[in-house]
Amino acid sequence: FLNRKSIGFLSVFFLTLLVYYLTLARTMFWIDSAIYLTVIKEFGIAYPPGFPLYIIIAKLWSYLPLPGFDFAQKINFLSAVFASLTSGVLYLTILKLLENKFYFFEEKFSSSQFIVTLIAFFSSLVFGFSHSLWYQATYAEVYTFHAFLTVLTIYFLISAGIDAEKQKRYLIGAALSFGFSFANHPMVVGFIPLFVWYLIKIRKMFFSEKKFFIALVVIFMLAGLLPYVYIPIRSLQNPEMDWGNPENLVNFINHVTGRHWTGEKTLFVFLNQKFFENVGNWISLSYYQFFSIGLIFISIGLFYVFTRRWQLFSFLSLLIIGAGFWATVYITGEYESWLIPAHLGLVIFMAAGFYAVFQWRLQKLNSVFRAAIVLILIFIVFFNLKNNWLTMDRRQNFYPEEVGHNILKSVED
């Protein structure tokens, strides 16, 4: 059981989880977090679109006997667990690509090397200690769960494109995790072009295995729709937190589609000043995740994958664009959180950059130079730790001013 992959996964998981635990918010935090805590406590209805799968899982999680944790701390800690799982699965994804020399949908494989394990391990830690993910890992929110479902889907799709023998098994996993994503957060629609591209790549299998693909569609639909059933059922019981009262069909549709937000054209921007401001913010946020050195290796990885692994380049580009598109065209206060899945693709490109440097005329690189490259990757990990610890440490953050402010906002003039 404890092979190289499992040891690496567990190491990434527990290292990041320890850091998240040490900086975890000890009580209610921020506006949406307090709403989630209230909804989960009484199993009510959250604001649109309801985030049913997260609410259900968090409610079940709240029953676990975690010594020393009160209710709020348990739910905050759940975000940390999902963030650590995301980093762990990212490690497995990068390792699989590295072991196969980043070939994707191509019949070429390589033997594993010690160095690829190091690159996968420290690249996933760079992501784990990045500002955006760490920010969401210390209090009750849906975004680390969304990141986990996204990276799980990526892992299954990449594995299906590499391992032909287990392709069906991986495709079932992808249909399940992608379906669950729709029951968690609507921004997952940005990944639809990625799935269309993927289905085109396996279209021959689609026509030869019609029953299997019908089964995939059924799995996807059930995973995406079934969690929403609890919303009208629970609303009929009139919990205190019954946002939008979605107990009838009209209210339910308006609620799960976020009609009072998605129906506002002013909330969407495209090719105007605000749009380009968002693009600039995206670039700026990418710098805060990886800094100058990381961006250099991302650029190297982009060039390497673009020139040698076009299939993978297309896949990762659609992932990044799909994650970033809605964050850019939709005006949201959660802009940074919506971009987290895009950073998954950038981390894979960064790992490809380090791999490319090692492969470039490798016979001429001495051991000192190779060690220096590894140290650069380790440096990015610790730079993220050092840079983000103080701002991410929420052990003493109670935000009473925010609580009071929002109470006063709810009172009539």
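This is a predicted model: local features need pLDDT of at least 70, side-chain atom pairs count only at pLDDT 80 or more; totals for chains, interfaces and linings use all residues.

Where does Asn238 lie? I found Asn238 in the loop between helix 12 (230-235) and helix 13 (249-256).

I looked up the backbone of Asn238 next: phi is near 55°, a positive value in a residue other than glycine. I also checked its accessibility, and Asn238 is exposed, with a relative accessible area of 53%.

Then on to Phe43, which I found in the loop between helix 2 and helix 3. Phi of Phe43 is near 55°, again a positive value in a non-glycine residue.

I checked the peptide bond from Pro48 to Pro49, and it is cis, with omega near 5°.

Last entry, the helix pairing. I looked up how helix 1 (residues 4-22) packs with helix 5 (residues 114-128): the angle is about 25° and the axes are 10 Å apart. That makes helix 1 roughly parallel to helix 5, because angles under 35 degrees count that way. The crossing of the two is right-handed.

Which residues make the contact? From helix 1 I list Arg4, Gly8, Ser11, Val12, Leu15, Thr16 and Tyr20, and from helix 5 Thr117, Phe121, Ser124, Leu125 and Gly128. Sorted by class, I have five nonpolar, six polar and one charged residues in the contact of helix 1 with helix 5.

Technical notes
Residues are numbered from 1 along each chain as its sequence is written. Side-chain values use heavy atoms; hydrogens and water are left out. Axes are lines fitted to C-alpha atoms, for helices over the stretch in contact, and angles run from 0 to 180 degrees between N-to-C directions. Helices (H or I, at least four residues) and strands (E, at least two) are DSSP runs, numbered from the N terminus. Angles under 35 degrees count as roughly parallel, over 145 as roughly antiparallel, 65 to 115 as roughly perpendicular and the rest as oblique. A crossing is left-handed if the near helix is turned anticlockwise from the far one by less than a right angle, and right-handed if clockwise. Contact means heavy atoms within 4.5 Å. Ala, Val, Leu, Ile, Met, Phe, Trp, Tyr, Cys and Pro count as nonpolar, Asp, Glu, Lys and Arg as charged, and the others, Gly among them, as polar. Buried means under 20% relative accessible area, exposed over 50%, partly exposed in between (1.4 Å probe, protein chains only).
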